[in-house]
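Please find below a colleague's note on the structure under review. The points are numbered so that each can be checked against the coordinates in turn.

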Amino acid sequence: MKPVLFINRNMPEEMVAPLREVYEVDMWPSASGAVPREVLLEKAASAHALWTMISDQIDEEVLDASPNLKIITNMAVGYNNIDVKAAQERGVIVTNTPDVLTETTADLAFALLMATARNLMGAEHALRDGKWTSWEPLGFTGMDVYGATLGIIGMGRIGEAVLRRAKGFDMNVLYHNRNRKSEMEDMYGCRYAVLPDLLAQSDFVLILVPFSEETRGMIGKEQLEQMKKTGILINVARGGIVDEEALFEALQKKRIHAAGLDVFETEPVPLDSPLLTLPNVTVLPHIGSASLPTRLAMMKLNQQALLAWARDEEPNHRVW
Ligand code: NAP
Ligand code: GLV
């Protein structure tokens, strides 16, 4: 009898075919809609392996409903959607997909930073709406990126990849982590800062920490007040790291200049979110890693981890 694998989204057959040789594969047929919770609970009941997305909450309820479960492979580097401690207590392996998405996500972070600084979306919409009537001396003016100070909160793999891009734009880079990275400071001439200093000195604040109980609400009213009035906040990590109510207020009252958001507390972001009413917010639907080669590379890591487990080998990128 083959072990049972439930795949939470419709995946390309080229990724699934090798899995069919070693698993009884069951797959949610939609590539776009998340698997409903009740279906996930029902499928988990017989699964030995789960291939999950960041939109699937794998908590104690799912784990308890899944007595045969041995491995969860998550199609993301972030795994805050999984209760890893509870999985570990039950001996369930958890894997993720780091590294292969680092450069693609750094590209998107920098693109969002630039788009927000120069209000590219606002300018495009104005053109399409027929509001480009003449070349105006102060029309569509934004902030400069080159030579500005970038503060990166979370100088890990993606943070370092953004740092390299920022150096090409002659930016002065500050970073904040729990641990200092002296070698990187020497190599790139960037500077460590405690969080209040980073917030106060940066023109752009870029969030790239993982979402955890430690980072939940890390940027709230107090932190937004520490930013420059001309400051721009970019969040490419997870929505819950920023207090969205406080962010709305800071943006509405022009306490900070603008924000660029690829991630939200609730995803997809509800269309009645107050943030979507503001002209000084650039929003994207969580597309950090969304280039075709990178998404395929992430799938490949998940596939390889599942194949390794089925062959009694060590799966790649275990998070415990
Ligand atoms: P990483 O290499 O683990 O880097 C995370 C960095 O954050 C580490 O340098 C870590 O350094 C720092 N950090 C962790 N907890 C912290 C805390 N409490 N305070 C200050 N710094 C802290 O991860 P990565 O591969 O760069 O990915 C980062 C995150 O980006 C992911 O977890 C994911 O949520 C997000 N992401 C989003 C997208 C997207 O599509 N928008 C795509 C990929 C990734 P210390 O341990 O020294 O603190
Ligand atoms: C995407 O958000 C990821 O964590 O890979």
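This is a predicted model: local features need pLDDT of at least 70, side-chain atom pairs count only at pLDDT 80 or more; totals for chains, interfaces and linings use all residues.

1. Strand 3, burial. Strand 3 comprises residues 49-52, and both of its faces are covered. Ala49 and Trp51 are buried on one side, while Leu50 and Thr52 are buried on the other. In a regular strand the side chains alternate between the two faces of the sheet.

2. Strand 3, pairing. Strand 1 (residues 4-7) runs parallel to strand 3 and is joined to it by 3 bridges. Within this pairing, Ile7 has Trp51 as its bridge partner. Strand 3 also pairs with strand 4 (residues 71-74), again in the parallel sense, over 4 bridges. Here Leu50 is the residue that stands opposite Ile72 of strand 4.

3. Seven strands form an open sheet with parallel pairing, in the order 8-7-6-9-10-11-12. Its edges are strand 8 (191-192) and strand 12 (281-283), each of which pairs on one side only. Inside this order, strand 10 (residues 232-235) and strand 11 (residues 258-261) run parallel and are joined by 4 bridges. Ile232 faces Ala258 of strand 11 across that pairing. Strands of a sheet pair through backbone hydrogen bonds, either parallel or antiparallel.

4. Helix 5. The buried residues include Thr102, Thr104, Thr105, Ala106, Leu108, Ala109 and Phe110. Towards the other end of the listing, Leu112, Leu113, Ala115, Thr116 and Ala117 are buried as well. Just after helix 5, Asn119 adopts a positive phi of about 45 degrees.

5. Helix 7. The 12 residues of helix 7 (residues 157-168) should span 16 Å at 1.5 Å a residue, and the end C-alpha atoms are 18 Å apart, which agrees. Its buried residues are Ile158, Gly159, Ala161, Val162, Leu163, Arg165 and Ala166. An α-helix has 3.6 residues a turn, so residues three or four places apart point the same way. Against which elements do the buried residues of helix 7 pack? They pack against helix 5 (102-117) and helix 8 (182-188), and also against strand 6 (149-153), strand 7 (172-176) and strand 9 (204-207). Just after helix 7, Asp170 takes a positive phi of about 55 degrees.

6. Ligand 1. This ligand is surrounded by 26 residues, the closest being Arg157, Arg178, Asn179, Val236 and Asp262. A polar backbone atom of Arg157 lies 2.9 Å from an oxygen atom of ligand 1. For Asn179, an N or O atom of the side chain is 2.8 Å from an oxygen atom of the ligand. A nitrogen atom of ligand 1 lies 2.8 Å from a backbone N or O atom of Val236. On its own, ligand 1 has 920 Å² of accessible area, of which the protein covers 88%.

7. Ligand 2. Ile54, Ala76, Val77, Gly78, Leu101, Arg238 and His286 are the residues around ligand 2. A polar side-chain atom of His286 lies 2.6 Å from an oxygen atom of the ligand. The side chain of Arg238 places an N or O atom 2.8 Å from an oxygen atom of ligand 2. From Gly78, a polar backbone atom is 2.8 Å from an oxygen atom of the ligand. The protein covers 86% of the 190 Å² of accessible area that ligand 2 has on its own.

8. Asn96. This residue lies in the loop between strand 5 (93-95) and helix 5. Is Asn96 buried or exposed? Its relative accessible area is 7%, under the 20% limit for burial, and Asn96 is therefore buried. A polar atom of its side chain lies 2.8 Å from the backbone oxygen of Val77. Beyond its neighbours within four places in sequence, Asn96 is in contact with Asn74, Ala76, Val77, Tyr79, Asn316, His317 and Val319.

9. Gln252. Helix 11 (residues 244-252) contains Gln252. With a relative accessible area of 46%, Gln252 is partly exposed. Gln252 and Thr104 are 148 residues apart along the chain, and 31 Å separates their C-alpha atoms.

Note on methods: Residues are numbered from 1 along each chain as its sequence is written. Chains are lettered from A and ligands numbered from 1 in the order in which they are written. Side-chain values use heavy atoms; hydrogens and water are left out. Buried means under 20% relative accessible area, exposed over 50%, partly exposed in between (1.4 Å probe, protein chains only). Helices (H or I, at least four residues) and strands (E, at least two) are DSSP runs, numbered from the N terminus. Two strands pair if DSSP finds at least two bridges between them. The expected span of a helix is 1.5 Å times one less than its number of residues. Contact means heavy atoms within 4.5 Å. A residue is near a molecule or strand if one of its heavy atoms lies within 4 Å of it. A polar contact is a pair of N or O atoms within 3.5 Å; within protein, one must be able to donate a hydrogen and the other to accept it, and residues adjacent in sequence count only if both atoms are side-chain atoms. Accessible areas come from the Shrake-Rupley method with a 1.4 Å probe; for residues, only the protein chains shown count as cover.
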